[in-house]
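Dear colleague,

Please find below the sequence and structure that I am handing over to you. My findings follow directly after them.

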Amino acid sequence: KGEIDIIAIDNNVLVFVEVKYRRNKIYGYSTEAVNARKQMVIYRVAEGFLSYKKEYSGMPCRFDVIGFDNENINHIKNAFGGMWYSPNAFYFTYIP
């Protein structure tokens, strides 16, 4: 279970975007909320999306995070590292 805030295409790359907002820094910066546990949820939801939307199967994928900290905006492209979807198996593979 879970959700992805934005799914977009950027230069033939399927981009899954997590968006976080923090009014203040009491609980840290917004982008820090996307921890390893949250990343795994996003991966699983992305896999579900790709299994449902076959037309995107095999497209390279990227995972971004956009953080809003009060009035500051931080867009981290490829926030989880070099990942892509393997059309031959149901998992994401690291590309060094």
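In what order do the elements of the protein chain run from the N terminus on? They run β-β-α-β-β-β-β, that is, one helix and six strands. Helices (H or I, at least four residues) and strands (E, at least two) are DSSP runs, numbered from the N terminus.

Please note that this is a predicted model, in which local features need pLDDT of at least 70 and side-chain atom pairs count only at pLDDT 80 or more, while totals for chains, interfaces and linings use all residues. Residues are numbered from 1 along each chain as its sequence is written, and side-chain values use heavy atoms, with hydrogens and water left out.

The sheet

Four strands form an open sheet of mixed pairing, in the order β1-β2-β3-β4; two strands count as paired if DSSP finds at least two bridges between them. The edge strands, each pairing on one side only, are β1 and β4 (72-76). From one strand to the next, the twist averages 25°; angles run from 0 to 180 degrees between N-to-C directions, and axes are lines fitted to C-alpha atoms, for helices over the stretch in contact.

Strands β1 (residues 6-10) and β2 (residues 13-22) run antiparallel and are joined by five bridges. They form a hairpin with two residues between them, and N11 in the turn has a positive phi of about 50°. D10 has V13 in β2 as its bridge partner, and I6 stands opposite V17 in β2.

On the pairing of β2 with β3 (residues 61-69), the two strands run parallel and share nine bridges. L14 has C61 in β3 as its bridge partner. Between β2 and β3 the chain passes through helix α1 (residues 36-52), in a right-handed β-α-β crossover. Right-handed here means that, with the strands pointing away from the viewer, the path from the first strand over the helix to the second runs clockwise.

The helix and the core

Helix α1 lies across β1, β2 and β3 and runs at about 140° to β2. Which residues have the most contacts inside the largest nonpolar core? They are L14, F16, I42, L50, F63 and F80, in a core of 14 residues. A nonpolar core is a set of buried Ala, Val, Leu, Ile, Met, Phe, Trp, Tyr and Cys residues joined through side-chain atoms within 4.5 Å. The elements that give two or more residues to this core are β2, α1 and β3, and α1 gives the most, with five residues.

Not counting residues up to four places away in sequence, L14 touches, among others, I7, F49, L50, Y56 and C61; contact means heavy atoms within 4.5 Å.

K38 is found in helix α1. Its relative accessible area is 18%, so K38 is buried; the term means under 20% (1.4 Å probe, protein chains only). Beyond four places in sequence, K38 touches E3, E18, K20 and A33.

The chain as a whole

Of the 96 residues of the protein chain, 34% count as buried. Among contacts with a separation of 6 or more, 54% are between residues 24 or more positions apart.

With kind regards

Definitions and conventions. Buried means under 20% relative accessible area, exposed over 50%, partly exposed in between (1.4 Å probe, protein chains only).
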